[in-house]
Amino acid sequence: MLIIFTGNGKGKTTAALGQAARMVGRGKKALMIQFIKGPWKSGEDKVIIQKPENQPGFELRKRGLGFVGILGDSLPIEEHQKAAESALREAETEIQKNTWDLIILDEINNATHLNLITADEVLGVIKKLPKEKFIILTGRDAPEAFIKAADLVTEMREIKHPFNDGVMAKIALEF
Ligand code: ATP
Ligand code: MG
């Protein structure tokens, strides 16, 4: 089953994390591979990566290099493309292992929208997912081809966000 969380409102990555918690609570195994996100540490990294004994069956791997083309990013786009390509290959390997019940490809919608990888490449990898397993793609700007291929799509639509009133990202709420 292919699930997509997209849209410009808050809640995509955290919804995926919640879904992973529910899976793990049922004795299933979940893996989150993050695109774009990498150098910056977020609250969930502390429970999942640094204390894996707290979360048996849930693994989080950060495979991105940070913001792409904004907020002081000085890396050539090729570096971001290489990282995204390699994360996608890793996802393919994990899908083919057939050991994870849920695989989350976090921010892969943005990575595709930013042309780090192509929608066709991503769909080619997802096609290999066994029928009884779940995959979640998160991030703004999900390509139309992903939405077409998906079984379940939720759009987080921004109605209000404190950022628009000049409030900066809050620790523990946003990262
Ligand atoms: P979260 O990780 O909180 O579930 P998200 O995955 O939906 O958010 P992203 O598009 O991945 O959101 O953006 C990541 C960061 O931007 C998070 O800190 C998030 O809180 C924040 N954010 C999300 N939506 C908005 C918005 N509409 N305006 C400003 N900041 C936002
Ligand atoms: Mg997100």
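This is a predicted model: local features need pLDDT of at least 70, side-chain atom pairs count only at pLDDT 80 or more; totals for chains, interfaces and linings use all residues.

Student: Which backbone atom is 2.8 Å from an oxygen atom of ligand 1?

Tutor: A polar backbone atom of Gly-11. On the nitrogen side, an N or O atom in the side chain of Glu-158 lies 2.6 Å from a nitrogen atom of ligand 1. In total, 13 residues surround ligand 1, with Lys-10, Lys-12, Thr-14, Glu-158 and Glu-174 the closest.

Student: What are the protein donors of the magnesium ion?

Tutor: For the general idea, ideal angles at a metal are 109.5 degrees for four tetrahedral donors and 90 or 180 degrees for six octahedral ones. Here the protein donors of the magnesium ion (ligand 2) are Thr-13, through OG1, and Glu-107, through OE, lying 2.1 Å from it. Thr-13 sits in helix α1 (residues 12–25), while Glu-107 is in the loop between β4 (102–106) and α4 (108–113); the two are 94 residues apart.

Student: Are Thr-13 and Glu-107 buried or exposed?

Tutor: Both Thr-13 and Glu-107 are buried.

Student: How do I read the largest pocket, and which residues lie nearest its centre?

Tutor: Rolling a probe the size of a water molecule over the atoms shows where empty space is left. The largest pocket has a volume of about 1,600 Å³. Its lining has 42 residues, and Lys-37, Phe-67, Glu-107, Arg-140 and Glu-174 lie nearest the centre. The lining divides into 15 nonpolar, 16 polar and 11 charged residues. Helix α1 supplies the largest share, 3 residues.

Terms used. Residues are numbered from 1 along each chain as its sequence is written. Chains are lettered from A and ligands numbered from 1 in the order in which they are written. Side-chain values use heavy atoms; hydrogens and water are left out. Donors are N, O and S atoms within 2.8 Å of the metal (3.2 Å for Na, K and Ca); water is not among the atoms, so sites may look incomplete. Helices (H or I, at least four residues) and strands (E, at least two) are DSSP runs, numbered from the N terminus. Buried means under 20% relative accessible area, exposed over 50%, partly exposed in between (1.4 Å probe, protein chains only). On a 1 Å grid over the protein atoms alone, a cavity is a set of points where a 1.4 Å probe fits but cannot get out, and a pocket is an open set with protein on both sides within 12 Å along at least five of seven lines; lining residues have an atom within 4 Å of a point. Grid points are joined across faces, edges and corners, and a volume is the space filled by probe spheres set on the points. Ala, Val, Leu, Ile, Met, Phe, Trp, Tyr, Cys and Pro count as nonpolar, Asp, Glu, Lys and Arg as charged, and the others, Gly among them, as polar. A residue is near a molecule or strand if one of its heavy atoms lies within 4 Å of it. A polar contact is a pair of N or O atoms within 3.5 Å; within protein, one must be able to donate a hydrogen and the other to accept it, and residues adjacent in sequence count only if both atoms are side-chain atoms.
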